[in-house]
Amino acid sequence: MTDAIAHHDEHRDDEGSKLGIWLFIFTELLFFGGLFITYAVYRHGNKEAFHLAGQELDVTIGTINTVILLISSMTIAMSTTAIQKKDKRATLVLIWITLLLALAFLVNKYFEWSAKIDHGIWPGSPLLEELGRGDTLFFGLYYFMTGLHALHIIIGMVLITVILARVRNNRITHDNFQLLENGGLYWHLVDLIWIFLFPLFYLIA
Amino acid sequence: MSSSQTEPKGYKSYLEEDGGRKGIFKWILSTDHKRIGLMYLYAMMGWFIIGVVLGLLMKLELIAPGKTLMGAQTYNATFTVHGVIMIFLIVIPGLPAVFGNFMLPIQIGAKDVFFPRLNLFSWYIYVLGGILVIISLFGNGAPDTGWTFYAPYSFKTGTNMLPAALGAFVLGFSSILTGLNFIVTIHRMRAPGMTWFKMPLFPWTLYATGWIQLLATPVVGITLLMVAGERILGIGFFDPAKGGDPLLYQHLFWIYSHPAVYIMILPAMGAISEIIPTFVKKTIFGYKAIVFSTLAIAFVGYFVWGHHMYTSGMSGTALWAFSLLTFIVAIPSAIKVFNWISTMHQGSISTEVPFLWAASFIFVFMIGGLTGLVLGSLATDVHVHDTAFVVAHFHFIVFGGVGFAFFGAMHYWFPKIFGRKYDSGWAKTGWITFFIGFVTLYGPMFYLGIAGMPRRYFDYLDEFHGPNIISTFGALVMIAGFLIILVNLIKSARQGERTTEMNPWGGTNLEWQVPTPPPLENFEEIPVIEKATYKFD
């Protein structure tokens, strides 16, 4: 058995595991794709209402969160470069920054959502029913899509925490950093989805 | 029976290799692709028995008009749970999870799949999905939406449909991860010299299937989550009262669930393409045609979902486009049938059990496929939509196609998997009984559908009584056949005559060049592939 395990390690195939994460990213894109189609269909049917509802959202917080995610994408990419340059300290610092930025994103999201809920807007709320179908669909999609995206942020944070621990105990090193790169790719995906959510909900109002 | 070698038992087979674990932990902690394949087999066997019992209950209810066994609500729950179990727990994982796991690495000359631990994880997700389906049976009554969970009824019904829908979501996740694993395995782990076009056809079909699993399953995943959001939060995505569109649900659902039938049938076609050359001792006719038609089915299969919705309300243009595409997707399947028949032409056919299953597969698949065209053309579909005709067509393809191929593959690879022989006399008796029962069960339903008997009702008009009696009788015969097959296989797996013969059928692929049963990592030394597969001396 020990022989067998040693044999597996020998056959490490970084290209293969990178292919794996790319395929997983395709899956995620189609997962959100279903929601983007739903958004497109309902926007087409409720142009006026979507237009007005979009103006209710706080562009400032949205912009700040966009910038936060873009920077976090940069820091995780930089950590991949740092590990290749054998700079473990910089790698750790950059991963920490990524994690903190992700947390900041969630804190912002929390305030944004609670402000909306304070105004009486949540799925199935009486106010939404009063506002009509377009608003119901817009905010339904808003909560569902940004909520699912926030869930992906949390999953990404768990993944990055695992990576952080592995960099610390030297299981991710300059010649074995595929997990870090894969984590980075996943994080870019989470970033990318937000890049689409941001204009769809906040900007084209 | 040429080239039958006997390997002296100077090695430890995967069944003896326990990784230092005891009892059930030998299985549930093992990342060996062969053990995982068998774990899927055993889980699916249990589910299948439940699904068959539910199917039998429906046929018994339909033996006479009016209420015989159960009322409307129970009948609705029965066909829903029957569908959910059969579709999501059996035919979708189906051949890839069992034989794909067991045979794919061996057939491409690899020691395991690329992500062995992810493979075991997929099995656990599969079990979790099954548990959710079981949970749905308790509480407010079993779900009664049909396996399609159509909106808006799926969030209006008082029954416990949410766990079933979440179960389907979770099972989809398992399916995605298996597909991902197989694609990476095929890309990265083929033995040296095994170019794409030297790869056997079963891995090819698993490859095409893997892409469908990856790219189609997430769409139904998000759709089922949206239904959950609808039920839990009352969001209103598919609720007309809140501005939502139930038709959108149908589109999103079928964008996955039509390609899903190719997830089911492609690996079945792959298994048939393995069995036929072995038993006619001839190279497969048109290897490349089979490969490209497999890829064509996977590709075109994405664009035909609308044919489930001819009567739901779509534009006329969409209707004829979907109808045209449906006819186009039939072509590659027909190409395969021609290839199989041409392979048999002038071959030396030996009618062993796996071949009988393969031949009867072609028979039922043809009937299922051609009646599919009746449903694919617009005018006739309006007439037979939502009738027993659809049920007959569907069961000829999915049960006849996938089921027959599964039994064929089971009898083909059985000696390799278990290192034991089965009783081929009983296997043949089981096959002929099953086959006769199958045709008697589903054949009359074509007539009933055309005569106007709707599906999914516990009751029917008196004029449909005769064919329904025949159909129920067929169900009993088929189940008798199934029991013969099941008892024979289980008994043989436990006490059958041991065999270490490497190549009992005279097959040409790599699985027949490893010891029986295979050792833990299949190959002592990774083979180097020089010649194309399916070459008989």
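In chain A, helix H7 (residues 133-168) and helix H8 (residues 178-203) have axes that come within 10 Å and cross at roughly 160 degrees. Helices here are DSSP runs of H or I with at least four residues, numbered from the N terminus. The axes are lines fitted to C-alpha atoms over the stretch in contact, and the angles run from 0 to 180 degrees between N-to-C directions. Angles over 145 degrees count as roughly antiparallel, and H7(A) and H8(A) are therefore roughly antiparallel to each other. H7(A) passes H8(A) in a left-handed crossing, a term used if the near helix is turned anticlockwise from the far one by less than a right angle.

Which residues make this contact? From H7(A) they include Tyr142(A), His149(A), His152(A) and Gly156(A), and from H8(A) they include Gly183(A), Tyr186(A), Trp187(A) and Trp194(A). Two residues are in contact if their C-beta atoms, placed from the backbone, lie within 7 Å. The residues of this contact divide into 16 nonpolar, five polar and one charged. In this count Ala, Val, Leu, Ile, Met, Phe, Trp, Tyr, Cys and Pro are nonpolar, Asp, Glu, Lys and Arg are charged, and the others, Gly among them, are polar.

Before going on, please keep in mind that this is a predicted model, in which local features need pLDDT of at least 70 and side-chain atom pairs count only at pLDDT 80 or more, while totals for chains, interfaces and linings use all residues. Residues are numbered from 1 along each chain as its sequence is written, and chains are lettered from A and ligands numbered from 1 in the order in which they are written.

Let us stay with His152(A), which lies in helix H7 of chain A. Is His152(A) buried or partly exposed? It counts as partly exposed because it has 19 C-beta neighbours inside 10 Å. A residue is buried if 20 or more other C-beta atoms lie within 10 Å of its own, exposed if 12 or fewer, and partly exposed in between, with C-beta atoms placed from the backbone.

Next comes helix H4 (residues 59-84) of chain A, whose 26 residues reach 38 Å from the first C-alpha to the last, close to the 38 Å expected at 1.5 Å a residue. That expected span is 1.5 Å times one less than the number of residues. Among the buried residues of H4(A) are Gly62(A), Asn65(A), Ile68(A), Leu69(A) and Ser72(A). Their cover includes helix H5 (88-118), H7 and H8 of chain A. After H4(A) comes Lys86(A), with a positive phi near 60 degrees.

Now look at where the chains meet: 31 residues of chain B are in contact with 27 residues of chain A. On the chain B side, helix H7 (161-188), helix H8 (201-233) and helix H9 (246-280) each supply at least two residues. H8(B) gives the most, with nine residues. The chain B side divides into 17 nonpolar, 10 polar and four charged residues.

Chain B also has some backbone details to find. The peptide bond from Ala151(B) to Pro152(B) is cis, with omega near 0 degrees, and Pro152(B) sits in the loop between helix H5 (116-136) and helix H6 (153-156). Phe149(B) lies in the loop between H5 and H6 of chain B; although not a glycine, Phe149(B) has a positive phi of about 50 degrees. Phe149(B) counts as buried because it has 24 C-beta neighbours inside 10 Å.

Conventions. Parallel < 35°, antiparallel > 145°, perpendicular 65-115°, else oblique.
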